[in-house]
Amino acid sequence: MAPLQAPPASLLDKYRGDASVALYTGRVSVRGGEAGHARASGSARSDDGALAVELRLPPELGGPGGGSNPEQLLAAGYAACFHGALMLLAQRTGVALPEFAVDAAVSFARDPADGLFLLSAEIRVRLPGLDRALAAELVRNTERICPYAKMFRQGIEHAVTVDCGPA
């Protein structure tokens, strides 16, 4: 396996175009499991095989636990993206971040607007030893460039299609 290399700081250069340009697309399929409880179960697998998780309803929602769930997966993606964006921004601005952590929490909740469901998210960035003003500026700027933070703040372009062809 090749040694891990930092992404180029040029990723932070502004794009000037009329349409979004995909740089990478992750693909995951969920199959199997029990649908009777109206929550995800089964197995989630990425097309390259790097992600393979069993999905289970958490005990807090009456399930057996013993697997991951959509909220954990979304929290992992959010924390990982914010972590990477913060490292990239720190690299570009010359700020050393020897020890830091990004914690994400995603809650599945009742929506008072329609009585159904919604998600909420929270990020906690731990930057021990860093000047508080500098830390606040780095986190604020990371919120501006992290695609997950942008998604939670302003929504996401999405499409839902139906395919009834052969499996």
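Author: Let's start with Asn-69: its side chain reaches the backbone nitrogen of Gln-72 at 3.0 Å. Keep in mind that this is a predicted model.

Reader: What makes that reach to Gln-72 a polar contact?

Author: The cut-off for such a pair of N or O atoms is 3.5 Å. At 3.0 Å, the Asn-69 side chain and the backbone nitrogen of Gln-72 fall within it, so the pair counts. The Asn-69 side chain also reaches the backbone nitrogen of Glu-71, at 3.1 Å, and that pair counts because 3.1 Å is within 3.5 Å too.

Reader: Where is Asn-69 in the chain?

Author: You'll find Asn-69 in the loop between strand 3 and helix 1. Leaving out residues up to four places away in sequence, Asn-69 touches Leu-55, Arg-56 and Pro-58.

Reader: Is Asn-69 buried or exposed, and how do you know?

Author: Its relative accessibility is 8%. Buried means under 20%, so Asn-69 counts as buried.

Reader: Now the helices: how are helix 1 and helix 3 placed?

Author: Helix 1 (residues 70-93) and helix 3 (residues 147-154) have axes that come within 7 Å and cross at roughly 120 degrees.

Reader: Which residues make the contact?

Author: From helix 1 come Leu-74, Gly-77, Tyr-78, Cys-81 and Phe-82; helix 3 brings Pro-147, Tyr-148, Ala-149, Met-151 and Phe-152. By class, that contact has 9 nonpolar, 1 polar and no charged residues.

Reader: What makes strand 4 and strand 5 a pair?

Author: Pairing asks for at least two bridges. Strand 4 (residues 101-110) and strand 5 (residues 117-126) have 10, in the antiparallel sense, so they pair. Ala-104 stands opposite Ile-123 in strand 5. In their hairpin, which has 6 residues between the strands, Gly-115 takes a positive phi near 80 degrees.

Reader: And how do you know that strand 2 pairs with strand 3?

Author: By that test again: 4 bridges join strand 2 (residues 42-46) to strand 3, and at least two are needed, so the two strands pair. They run antiparallel, and Ala-44 stands opposite Val-53 in strand 3.

Conventions:
Residues are numbered from 1 along each chain as its sequence is written. This is a predicted model: local features need pLDDT of at least 70, side-chain atom pairs count only at pLDDT 80 or more; totals for chains, interfaces and linings use all residues. Side-chain values use heavy atoms; hydrogens and water are left out. Axes are lines fitted to C-alpha atoms, for helices over the stretch in contact, and angles run from 0 to 180 degrees between N-to-C directions. Contact means heavy atoms within 4.5 Å. Ala, Val, Leu, Ile, Met, Phe, Trp, Tyr, Cys and Pro count as nonpolar, Asp, Glu, Lys and Arg as charged, and the others, Gly among them, as polar. Buried means under 20% relative accessible area, exposed over 50%, partly exposed in between (1.4 Å probe, protein chains only). A polar contact is a pair of N or O atoms within 3.5 Å; within protein, one must be able to donate a hydrogen and the other to accept it, and residues adjacent in sequence count only if both atoms are side-chain atoms.
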